[in-house]
Amino acid sequence: MSHCVFEGVGVKKEYDEGQVQALRGADFRIDEGEFVAVVGPSGCGKSTLLQLLGALDRPDGGTLHYRGASLPELPDLAAYRAREIGFIFQAFHLLPTFTAIENVQIPMFETNRSVAERKQRAAELLEAVGLGQRLHHFPAKLSGGERQRVAIARSLANGSSVLLADEPTGNLDSENARLVMDLIVRLRAERAITLVLVTHDLGIARQASRVIEMKDGRIVSDQLNAPAHPIST
Ligand SMILES: Nc1ncnc2c1ncn2[C@@H]1O[C@H](COP(=O)(O)OP(=O)(O)O)[C@@H](O)[C@H]1O
Ligand SMILES: [Mg+2]
């Protein structure tokens, strides 16, 4: 039996007092360890869906569960965001006045790790994303690809089992986009992370185990991908 991480039934989200219907009743279930790509045209509700999963916003209708508990009704949503979920955004969202190693420690402020533990873990994570030589650099001194790798290290800070990535390669050139995707795919496999990744890039979507296609606030297709490397018989 696979364990259900997210289950949405009739999930709705409106903006501007109902003038914009960003989600018009989405039904989905995402299980432990899946790599789900969410695709669809600009404005179809992909980022809205991810924001609801990450409790950055709350649904206006339907039900949304995380590991069997109603997500909007969790007693401590800040703790949920910090401990359960790692976020990666297109625009990196690093704090400019913090160094790389400080940025990676930010989610750990929600935990009771000691200062020394936080620093050591942040350094290890930056090593893991290939930035062991950039610990004390400020974001402005890093390339786009390096900034996104700092953001990836930050997303792993609390050992969350779920990663939500919104067009993580959208601001990168093709070489850095490939490096960043390879890194996300490798870390996901090593750490058995459930990954929900929004992308415009069908080449990236092909790497996922499953593709959810959205249109106009609705899920219009939800299909398993054939394994990238089928075992030959
Ligand atoms: N904060 C907001 N206020 C008003 N409308 C919004 C807001 N965020 C998104 N929308 C609208 O909701 C719809 C879905 O947006 P979004 O989820 O960002 O789509 P996607 O990520 O697929 O491009 C769009 O029509 C968008 O303009
Ligand atoms: Mg978006």
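Trainee: Is helix H5 largely enclosed by the rest of the structure or open, and how many of its residues are buried?

Mentor: The model is a predicted one, in which local features need pLDDT of at least 70, side-chain atom pairs count only at pLDDT 80 or more, and totals for chains, interfaces and linings use all residues. Residues are numbered from 1 along each chain as its sequence is written, while chains are lettered from A and ligands numbered from 1 in the order in which they are written. A residue is buried if 20 or more other C-beta atoms, placed from the backbone, lie within 10 Å of its own, exposed if 12 or fewer, and partly exposed in between. H5 is largely enclosed by the rest of the structure, because its buried residues number 10 of the 12.

Trainee: Which elements are included in what covers the buried residues of H5?

Mentor: Helices (H or I, at least four residues) and strands (E, at least two) are DSSP runs, numbered from the N terminus. The buried residues of H5 include Val 150, Ala 153 and Arg 154. Their cover includes strands E6 (85–89) and E7 (162–166), together with helices H3 (100–105), H4 (115–128) and H6 (174–191).

Trainee: How far apart are the end C-alpha atoms of H5, residues 144–155?

Mentor: The expected span of a helix is 1.5 Å times one less than its number of residues. For the 12 residues of H5 this gives 16 Å, and the distance between the end C-alpha atoms agrees: 16 Å.

Trainee: Which residues of the largest nonpolar core touch the most other members?

Mentor: A nonpolar core is a set of buried Ala, Val, Leu, Ile, Met, Phe, Trp, Tyr and Cys residues joined through C-beta atoms within 7 Å. Val 104 belongs to this group, and beyond its neighbours within four places in sequence it is in contact (C-beta atoms, placed from the backbone, within 7 Å) with residues including Leu 126, Val 150 and Ala 153. In the core of 61 residues, those touching the most other members are Val 38, Val 104, Leu 126, Leu 164 and Val 196.

Trainee: Which element gives the most to the shell around ligand 1?

Mentor: A residue is near a molecule if its C-beta atom, placed from the backbone, lies within 6 Å of it. Among the residues surrounding ligand 1 are Tyr 15, Asp 16, Lys 46, Ser 47 and Thr 48. Strand E2 (20–31) and helix H1 (46–53) each supply at least two residues of this shell. The element that gives the most, with three residues, is H1.

Trainee: Which residue just after H1 takes a positive phi?

Mentor: H1 itself is mostly covered, with six of its eight residues buried, including Lys 46 and Thr 48. Most residues other than glycine have a negative phi. Just after H1, a positive phi of about 55° is taken by Ala 55.

Trainee: Is Phe 92 buried or exposed, and how does His 93 count?

Mentor: Phi is positive in both, near 70° in Phe 92 and near 55° in His 93. With 21 other C-beta atoms within 10 Å, Phe 92 is buried. His 93 has 13 such neighbours inside 10 Å, so it counts as partly exposed.

Terms used
Contact = placed C-beta atoms within 7 Å.
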